[in-house]
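Visitor: I am new to this structure and would like to learn how to read it. Could you walk me through some of its features?

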Amino acid sequence: MNIDSSYEPEMVDPDDTRPILIIPYMWIGDFVRGHTVVRVLKQRWPNRPVDLLVTTLCAPLVDYMPGVRAGVVWDLPRSRLALTQQWGLARQLRARGYGTALVMPRTWKSAIAPTLAAIPERVGFVGEARFGLINRWRWGERALPRMIDRKASLALPAGAARPPEWPAPQLRVSSEDIARWRQAQGLGAGPAVALAPGAVGPSKRWSYFAEAARGLTERGIDIWVVGSPKEKALATDIVATGGPRVRDLTGHDLRNGILAMAGAAIAISNDSGLMHVAAAIGTPTMGIFGPTSPYHWGPLNGLAATIQTKTPLPCQPCHRPVCTRNDHRCMKDIPAAEVVAIAERVLAESRERTTP
């Protein structure tokens, strides 16, 4: 992407080396897509270090993000302002000498610590009457069609036109890290398909991961089930249905999920954070969409296959966490046999690309 071709840039000191802090959304998928913002900033200011505020959950992602100097790990409670913790965070931010903070969430709470830290430029969209907290206002957020447009626009000069395409997020995982992880897990060196059956909200969860696992293992393909402890029951069902070639790799450490997605031959996932992780790594990824729109919520990296019902339902996309119409047909009408067949084609194409 060439940003300079789509706007007239403001005057920027090429020797500016003041660090920049990004305060992103902390859901895993949104955090991964936020790497686009890092790439836009590094194009604009190649000599300014970029740091990310990050929760303990998302912290492992920072280690694989090119262009990010460091993650500032700080867990703020969700349900209150937590001024004592905000002051503690502000002391850390002040010590790092940030010149600019990009505040992605349009909330009062997200702008408190950068203000207490006296970061000179605090860029964000108008919202929640944050007068005095945000001092570089941006307008027109609701007119931007996707969340990535809203986030990445904050990295451009005020009033700049959006480019035709944003740079896609990247996660770089070394082959040495993957090999060590596979050895530690006792997984061997053969190809495997990673399944990510979890999602925020039951409406985004496809109904037939267990049946798909059985169909793939019957074809001699190993299966890794990836997710958080919340997916343990789903993983248990998939292992029971799929048999001994299925491994339950769910757990608390997101790094385990990152390495599984990096080591898999392909990934099959609901619209979830792990789908974005796999796509950003470059693993061929099949994304299953029902109540959500691939245009609005799919990875910028693109997908090996976007799987939806062949006949769209009038309620799609509803973006609801729980189905209130049509008995969840947007997911139930995607048969396991179809997903298995697509997975076989993606695997074959992947083998063709990697065969000398």
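Guide: Gladly! Let's begin with a term: a residue is called buried if its relative accessible area is under 20%, exposed if over 50%, and partly exposed in between. Please also keep in mind that this is a predicted model. With that term in hand, take aspartate 16 and arginine 48, which are both buried.

Visitor: How confident is the predictor, and where does pLDDT stay under 50?

Guide: The pLDDT score gives the predictor's confidence in each residue, from 0 to 100. Here the mean over the protein chain is 91, and 96% of the residues reach 70 or more. Residues 1–11 stay under 50, and for them the model has 20 contacts beyond four places in sequence.

Visitor: Which residue forms a salt bridge with aspartate 16?

Guide: For a salt bridge, look for a side-chain nitrogen of Lys or Arg within 4 Å of a carboxyl oxygen of Asp or Glu. Aspartate 16 forms one with arginine 48, and the closest N and O atoms are 3.6 Å apart. This pair links distant parts of the chain: aspartate 16 sits in the segment before strand 1 (20–23), while arginine 48 belongs to the loop between helix 2 (35–44) and strand 2 (50–54), 32 residues apart. A network of salt bridges links Asp16, Arg18 and Arg48.

Visitor: How many salt bridges are there by this rule?

Guide: The count comes to 15. Another one to look at joins aspartate 63 and arginine 255, with 2.8 Å between the closest N and O atoms. Aspartate 63 counts as exposed because its relative accessibility is 52%, and arginine 255 is partly exposed, at 27%.

Visitor: What about aspartate 333 and arginine 329: how do their side chains meet?

Guide: They meet in a salt bridge too, with 3.3 Å from N to O. Aspartate 333 is partly exposed, with 40% relative accessibility, and arginine 329 is partly exposed as well, at 38%.

Visitor: How should I read a pair of aromatic rings?

Guide: Such a pair is described by the distance of the centres and the angle of the planes. The structure holds four aromatic pairs. One of them is the tilted pair of phenylalanine 131 and tryptophan 137, with 5.3 Å from centre to centre and 55° between the planes. Phenylalanine 131 counts as exposed, at 63% relative accessibility, whereas tryptophan 137 is partly exposed, at 26%. Tryptophan 206 and tyrosine 208 form an edge-to-face pair, 5.9 Å centre to centre with 90° between the planes. Tryptophan 206 is buried because its relative accessibility is 5%, while tyrosine 208 is partly exposed, at 24%. Trp206, Tyr208 and Phe209 make up one aromatic cluster.

Visitor: Is helix 8 mostly covered or mostly open?

Guide: For a helix, you can check how many of its residues are buried. Helix 8 (residues 209–217) is mostly covered, with seven of its nine residues buried. Among them are Phe209, Ala210, Leu216 and Thr217.

Visitor: Which residues does a buried side chain such as threonine 36 contact?

Guide: A contact means heavy atoms within 4.5 Å. Threonine 36 is found in helix 2, and its relative accessible area is 0%. Beyond its neighbours within four places in sequence, threonine 36 is in contact with Ile148, Ala152, Trp166, Pro167, Ala168, Pro169 and Leu300.

Visitor: Where is isoleucine 307, and which residues does it touch?

Guide: Isoleucine 307 lies in strand 12 (residues 305–307) and is buried, with a relative accessible area of 2%. Leaving out residues up to four places away in sequence, isoleucine 307 touches Met286, Gly287, Ile288, Phe289, Ile334, Glu338, Val339 and Ile342. Isoleucine 342 is 35 residues from isoleucine 307 in sequence, and their C-alpha atoms are 9.1 Å apart.

Visitor: Which residues form a nonpolar patch on the surface?

Guide: Leu81, Leu83, Trp87 and Trp108 do, and together they have about 400 Å² of accessible area. Tryptophan 87 belongs to helix 4 (residues 83–96) and is partly exposed, with a relative accessible area of 45%.

Key
Residues are numbered from 1 along each chain as its sequence is written. This is a predicted model: local features need pLDDT of at least 70, side-chain atom pairs count only at pLDDT 80 or more; totals for chains, interfaces and linings use all residues. Side-chain values use heavy atoms; hydrogens and water are left out. Patches are made of residues with over 30% relative accessible area and no salt bridge: like charges are joined within 9 Å, nonpolar side chains (Val, Leu, Ile, Met, Phe, Trp, Tyr) within 5 Å. Accessible areas come from the Shrake-Rupley method with a 1.4 Å probe; for residues, only the protein chains shown count as cover. Helices (H or I, at least four residues) and strands (E, at least two) are DSSP runs, numbered from the N terminus. Buried means under 20% relative accessible area, exposed over 50%, partly exposed in between (1.4 Å probe, protein chains only). Rings of Phe, Tyr and Trp (its six-membered ring) pair if their centres lie within 6.5 Å; planes under 30 degrees apart count as stacked, over 60 as edge-to-face and the rest as tilted.
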